[in-house]
Amino acid sequence: MATTHWPRRRWTSAFAEDHLQVLLLGVATALFGLAVLVWPDETLRVLGIVAGVWLIALGVMRAVTAFRADNSSGRRILAAVMAVVLLAAGITCVRNADGGVVVLATLLGLAWLLSGFALLLIAMPARDPTRAWLSVLGFLSVLIGVAFMLWPGPSLTTLVLISGIGAVAVGAGEVAFALRLRSARARPDAPLRT
């Protein structure tokens, strides 16, 4: 290992005082990841409820637009119809969390599909290497969108599991960093080993 002499006092004064905060953040992140891995179905239900609350909020905003006097009658009618649909979908998601998961997966699938189609459209006029990369990315985005639309449950379960594994890894890294900060505070003049 190489020994590098960095200006340790500046480094330790900037970070070492916060080692307890970083440690607590790391522990909380790791515990969140473990909870997601232990209870993936409960995590999906919570996501379904959150999706329902989000749709209700969108519906309320559309309802406000429908009642604004400065909008044209056509726009007010369209906003009212959208408000009813969004509110009904949101209430359904909150009352039936599994239905909320399907709605969330459908929304994610639509987002992937639309971004994939946009990438494919952008790829058409591009030159050779750029066209190839954009086409591949667009095609993969479309495939992921189709997967979310056809298999919403397994797609979201996979997404939740990846999130749980990622949170555990990040939390462990934060704990290790906090311990390193604590040791740097205890020995401010020791060289930093890289």
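A residue is called buried here when its relative accessible area is under 20%, exposed when it is over 50%, and partly exposed in between. The structure described with these terms is a predicted model.

## Overall architecture

The protein chain contains seven helices and two strands. Read from the N terminus, its elements follow the order β-α-α-α-α-α-α-α-β. Of the 194 residues in the chain, 29% are buried. The accessible surface comes to about 12,500 Å², and carbon and sulfur atoms account for 73% of that area. Among contacts between residues at least 6 apart in sequence, 78% join residues at least 24 apart.

## Helix dimensions

| Helix | Residues in helix | Expected span | C-alpha end-to-end distance |
|---|---|---|---|
| H2 | 20 residues | 28 Å | 28 Å |

For H2, the reach from the first C-alpha to the last is close to the expected value.

## Helix H2 and its buried face

Helix H2 covers residues 19-38. Its buried residues are His19, Val22, Gly26, Thr29, Ala30, Gly33 and Val36. Seen down the axis of H2, these buried residues fall within an arc of 120 degrees, so they line one face of the helix. On the other side of H2, the residues Gln21, Leu24, Leu31 and Val38 are exposed.

Thr29 is one of the buried members of H2. Its relative accessibility is 18%, and Thr29 therefore counts as buried, the limit being under 20%. Leaving aside residues up to four places away in sequence, Thr29 touches Ala167, Val168, Val170, Gly171 and Glu174.

Helix H3 spans residues 40-66. Its buried residues are Pro40, Leu44, Gly48, Ala51, Gly52, Leu55, Gly59, Ala63, Thr65 and Ala66.

A search of the whole structure finds one salt bridge. Arg45 forms this bridge with Glu42, and the closest N and O atoms are 2.8 Å apart. Because Arg45 and Glu42 are three residues apart in H3, about one helical turn separates them. In general, an α-helix has 3.6 residues a turn, so residues three or four places apart point the same way. Both partners are partly exposed: Arg45 has a relative accessibility of 33%, and Glu42 has a relative accessible area of 43%.

## Cys93 in helix H4

Cys93 belongs to helix H4, which comprises residues 73-95. With a relative accessibility of 1%, Cys93 counts as buried. Not counting residues up to four places away in sequence, Cys93 touches Gly48, Gly52, Leu55, Gly99, Gly100 and Val103. Among these contacts, Gly48, Gly52 and Leu55 are also listed as buried residues of H3. Cys93 and Val103 are ten residues apart in sequence, and their C-alpha atoms lie 7.6 Å apart in space.

## Helices H5 and H6 and the nonpolar patch

Trp54, Leu107, Leu110, Val146, Met149, Leu150 and Trp151 make a nonpolar surface patch of about 650 Å². Helix H5 (97-123) and helix H6 (128-150) each supply at least two residues of the patch. The largest share, three residues, comes from H6.

Met149 is a patch residue located in helix H6. Its relative accessibility is 34%, so Met149 counts as partly exposed. Patch membership requires over 30% relative accessible area, and the value for Met149 is 34%.

H6 also has buried residues, namely Leu134, Gly138, Ser141, Val142, Gly145 and Phe148. One of these, Leu134, is twelve residues along the chain from Ile122, and the C-alpha atoms of the two are separated by 7.4 Å. Ile122 is in helix H5. At 51% relative accessibility, Ile122 counts as exposed, whereas Leu134 is buried.

Key
Residues numbered from 1 in each chain as written. Predicted model: local features only at pLDDT ≥ 70, side-chain atom pairs only at ≥ 80, totals over all residues. Heavy atoms only, no water. Patch = residues over 30% accessible without salt bridge, like charges linked within 9 Å, V, L, I, M, F, W, Y side chains within 5 Å. Areas by Shrake-Rupley, 256 points an atom, 1.4 Å probe, with all protein chains shown as cover. Salt bridge = Lys/Arg side-chain N within 4 Å of Asp/Glu carboxyl O. Helix = DSSP H or I, 4+ residues; strand = E, 2+ residues; numbered from the N terminus. Buried < 20%, exposed > 50% of the residue type's maximum accessible area, 1.4 Å probe, protein only. Contact = heavy atoms within 4.5 Å. Expected span 1.5 Å × (residues − 1). Arc of directions from axis to C-beta.
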